[in-house]
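Thanks for coming. Please have the sequence and the model open, and I will go through a few side-chain contacts.

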Amino acid sequence: MAQLQARFFTEDTRYTVDDVPFSVPAASETADLSNIINKLLEAKNESHKYVEFDFLIKGQFLRTALVKHMETENIPTEEVVEIEYVEKYMAPQPEQCMFHDDWISSIAATEEWILTGSYDQTSRIWTVEGKPITTLAGHVDVVKDVAWVKKDGLSCLLLSASLDQTVLLWEWNVEKNTVKVLHRCRGHAGSVESLAVDGSRTKFCSGSWDTMLKIWSAVPTDEEDEMEMEEVADRPRKKQKTEHLGLTRTPLTTLSGHTGAVSSLLWSDTDEICSASWDHTIKVWDVETGGLKSTLTGSKVFNSISYSPLCRRLVSGSTDRHIRLWDPRTKDGSLVLLSLTSHTGWVTSVKWSPTHEHQLISGSLDNLVKIWDTRSCKAPLYDLAAHEDKVLCVEWTEAGLLLSGGADNKLYSYRCRANTSDIGA
């Protein structure tokens, strides 16, 4: 049997082996190499317990026989091949299933709580163990997005955005478990699709079907902003009956430049916002000046974007089923760094892992949630097939909880075991 010369290395000091070339069968696959490493570790330490490993050659995961991978990647087989190994990322296990009365459009989670928005016109707060705490009912139409502003002592501020063209700023008294609307943010002329809160937790941005981005204060006051009188007179009747809910707030700034609905937003820096749109572009804005810094151009509608401060990359999900990686600071706005293709329906939601620079989660109209590692771009690490209908939103928390919501009215949570060897690998 043909042999190759390989040198194995790892950044995980618990699992280091001798830095010398070994002869390994050319047809070795991941399981075979894992056996080799475990035998070497056992020889060094009798009490070693078997660990499953994954292997990378030049930053790419090994997913075929060793020799086949090397031929595909044009790596010479007569030289010593450097193979990195990391503890295998184990499949997340479904933990809880929670229910709304209609489609679940959005999820925002902290270490303690989960906030969801639904087509049933409400938002709900749950414990991370899946127990319902309270329901926020203040909108007169579908809730499209939700966000936490901040936790302040015994109370929390949070946001909900709706098809009713408003954003509500809520106060939740954690101790008494009571909620009230502090401000009703008005100014959009279409469904409010997306929310993002800035790093100082004093401002937030909203994106709408009206193609506009608006920036608002997130600081509660006792004052009501003046609205144009004619606007009040023209307001549809069904909105007037909720007028007692919250003091009216108007935007600080409006950013215009998109020609289609703004589907997804995020603050990529203190004074920088990224927005994705149905106009096939992602725009990077300077909040201070209100000006446009750059435009990334795709070929299809963008549904969702997520930014990782760990790898400084933007990931997008589109209606053409592809997930793409971008450098938001690039001078070439059409340059896609990487494409991840496996979904068979629109990619509705993407989210980077907050603790791992290579991993992300995606949800799609194909009913699947997929976990990806950008070093293995040809196939996802895992498919999570819990939903019986379209997946509309996904979330990944610092504590390693994965969440997905869908058109089956279900919110699933999955626990992923963080590999200490892989954090920030």
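This is a predicted model: local features need pLDDT of at least 70, side-chain atom pairs count only at pLDDT 80 or more; totals for chains, interfaces and linings use all residues.

Glu87 is buried, because its relative accessible area is 11%. The side chain of Glu87 meets that of Arg14 in a salt bridge, at 3.4 Å from N to O. Glu87 belongs to strand β5, while Arg14 sits in the loop between β1 and β2, so the pair ties together parts 73 residues apart in sequence.

How many salt bridges does a search of the whole structure find? It finds 20.

The next pair is Glu112 with Lys151, whose side chains form a salt bridge at 3.0 Å, N to O. Glu112 is in the loop between β7 (104–109) and β8, and Lys151 is in strand β11, residues 143–152, so this bridge ties together parts that are 39 residues apart in sequence. Glu112 counts as partly exposed at 41% relative accessibility. Lys151 is also partly exposed, with a relative accessible area of 48%.

Then there is Arg324 with Asp320, where the N to O distance is 2.7 Å. Are these two buried or exposed? Arg324 has a relative accessible area of 14%, which makes it buried. Asp320, at 12% relative accessibility, counts as buried too.

As for the network, salt bridges link Arg7, Asp19 and Glu82.

Now to the aromatic residues. The structure holds 16 aromatic pairs. One of them is Phe55 with Tyr85: the ring centres are 6.3 Å apart and the planes are at 40 degrees, so the pair is tilted. Phe55 lies in strand β3, residues 53–57, and Tyr85 in strand β5, residues 81–87, so the contact ties together parts 30 residues apart in sequence. Both Phe55 and Tyr85 are buried. They also belong to one aromatic cluster, together with Phe8, Tyr15, Phe22 and Phe53.

Some of those names come back in the largest nonpolar core, which has 22 residues. Which of its residues touch the most other members? They are Phe8, Ile37, Phe53, Phe55, Leu66, Ile83 and Tyr85. The elements giving two or more residues to this core are β1 (3–9), β2 (22–25), α1 (30–44), β3, α2 (66–72) and β5. As background, nonpolar side chains in soluble globular proteins tend to be buried together.

Leaving aside residues up to four places away in sequence, Leu66 touches Leu4, Val24, Pro25, Ala26, Ala27, Ser28, Ile57 and Ile83.

From the C-alpha atom of Ile114 to that of Ile215, 101 residues away along the chain, the separation is 24 Å.

Last, the surface. Trp209, Trp278 and Trp346 make a nonpolar surface patch of about 320 Å². Where is Trp209 placed? Trp209 is in the loop between β16 (203–208) and β17 (213–217). At 45% relative accessibility, Trp209 counts as partly exposed. A residue needs over 30% relative accessible area to be part of a patch, and Trp209 is above that cut-off at 45%.

That is all I have; questions are welcome.

How values were computed:
Residues are numbered from 1 along each chain as its sequence is written. Side-chain values use heavy atoms; hydrogens and water are left out. Patches are made of residues with over 30% relative accessible area and no salt bridge: like charges are joined within 9 Å, nonpolar side chains (Val, Leu, Ile, Met, Phe, Trp, Tyr) within 5 Å. Accessible areas come from the Shrake-Rupley method with a 1.4 Å probe; for residues, only the protein chains shown count as cover. A salt bridge is a side-chain nitrogen of Lys or Arg within 4 Å of a carboxyl oxygen of Asp or Glu. Helices (H or I, at least four residues) and strands (E, at least two) are DSSP runs, numbered from the N terminus. Buried means under 20% relative accessible area, exposed over 50%, partly exposed in between (1.4 Å probe, protein chains only). Rings of Phe, Tyr and Trp (its six-membered ring) pair if their centres lie within 6.5 Å; planes under 30 degrees apart count as stacked, over 60 as edge-to-face and the rest as tilted. A nonpolar core is a set of buried Ala, Val, Leu, Ile, Met, Phe, Trp, Tyr and Cys residues joined through side-chain atoms within 4.5 Å. Contact means heavy atoms within 4.5 Å.
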